[in-house]
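Take a walk through this protein chain. Keep the sequence and the 3D view side by side as you read.

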Amino acid sequence: MILKKIFQKKQSIFQKIFSGVGLGVGLFLVLISVHIHTQIQQALNQKNNASEYITIGKQVSMGSTFFMQKNDFSKEEIKQLETQPFVEKIGVFTPNQFSVVAYAKEVGFMSELFFESVEDEYLDEVPKGFKWKPNDEVIPIILAREMLDLYNFGYALGKNMPQISEGTAKLVAVNVQIAGKSIKQQFKARIVGFTQRYSTILVPNSFMKWANTNIGQSTEEPNPARLVVKVKNPADTKIADYFAKKNYATNEQKMLIAQTGGIVQIIMVVLGSVGFVFMLLAFVIMVLQFNVMLAEAKPELMLLLQIGYLPNAILKVLGTQIAVFL
């Protein structure tokens with residue numbers, strides 16, 4: 001009891017409260033920054049994350065409009081892009097070299113379409129049935145979800161036509177006529193899945209290669225007009241800088257989301273560092289305060305030893321006080 005009273009008398013309540021608050025604030029900042037940083041990291045690095053796949057093309061210029069200048073990627077440009085440190089791999093969109101007309105006589109629908117294909121590894125999901133081989137009469141299609149939304153909330157309402165859900169769309173088979181080289185061929189087309197990653201109509205690579213070779217209007221394989229780039233870190237600011245330098249067009253909203261996530265991560269690291277500094281300073285203050293307390297209590301401790309107090313008893317109380325401080 002005497003030792004506790006001696007130590008309590010030497011303690012500074014103000015310093016104890018100040019160091020305790022500093023320790024609590026620092027711990028809170030560290031924990032909250034670690035939590036947010038982990039959540040953002042998981043969101044950016046989750047499997048098949050859409051922000052890792054960036055679709056790029058070249059900016060359309062006046063030359064494209066008036067001089068029919070092609071905005072495609074040469075093999076040299078693709079190789080140069082592959083050497084960039086932020087690139088993991090590059091996929092190529094293959095466009096159709098034939099005309100496509102879809103029609104459904106039952107509802108009086110007819111429209112010209114376009115097809116593209118890309119390797120399966122770049123799809124967000126490969127639906128069951130997304131395969132095609134020669135002599136197949138049905139072309140499986142992956143449709144962009146935003147295209148279905150445009151039909152439902154734009155075209156269908158304006159033409160007084162029924163709106164279609166995703167489930168219903170998969171049940172409908174549409175007649176498709178492809179033509180080129182004075183050759184026409186009829187197919188059925190059926191939607192087997194939807195994609196949020198790409199704004200296009202995707203068909204299997206096997207069908208695109210067959211149709212371009214046998215029905216397409218050109219025997220030469222064209223340079224791709226669009227690429228899909230899988231990047232290592234979507235939040236890397238070097239990506240946007242490189243695309244701007246090369247005058248490449250991309251989904252700026254997707255890039256902004258990824259970059260915002262990277263900036264938030266940096267802020268969280270700084271915040272966590274500040275919290276760690278708070279905790280360190282609070283710990284230093286506690287240690288200094290304990291040393292000052294021991295220095296001030298030294299005469300009383302020496303006196304207690306002289307009158308017969310056991311060192312173990314004093315050490316036991318000191319251990320309790322250290323636990324209180326820390």
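Start at N247, in the loop between α8 and β12. This is a predicted model. N247 is not a glycine, yet its phi is positive, about 60 degrees. Most residues other than glycine have a negative phi. How exposed is N247? It is partly exposed, with a relative accessible area of 45%.

Now look at a second residue with a positive phi. N135 sits in the loop between β6 (116-117) and β7 (138-144). Its phi is near 85 degrees, and N135 is not a glycine either. N135 has a relative accessible area of 77%. It counts as exposed because that value is over 50%.

Next, go back to β12 and find its sheet. The sheet is open and has four strands, in the order β2-β11-β1-β12. Their pairing is antiparallel. Which strands form the edges? They are β2 (87-92) and β12 (248-250), and each pairs on one side only. On average, neighbouring strands in this sheet are turned by 35 degrees against each other, direction ignored.

Zoom in on β2. It runs antiparallel to β11 (residues 226-231), and five bridges join the two strands.

Helix α4 (residues 75-82) lies across β1 (53-58), β2, β11 and β12. Relative to β2, α4 runs at about 155 degrees.

Terms used:
Residues are numbered from 1 along each chain as its sequence is written. This is a predicted model: local features need pLDDT of at least 70, side-chain atom pairs count only at pLDDT 80 or more; totals for chains, interfaces and linings use all residues. Side-chain values use heavy atoms; hydrogens and water are left out. Two strands pair if DSSP finds at least two bridges between them. Axes are lines fitted to C-alpha atoms, for helices over the stretch in contact, and angles run from 0 to 180 degrees between N-to-C directions. Contact means heavy atoms within 4.5 Å. Buried means under 20% relative accessible area, exposed over 50%, partly exposed in between (1.4 Å probe, protein chains only).
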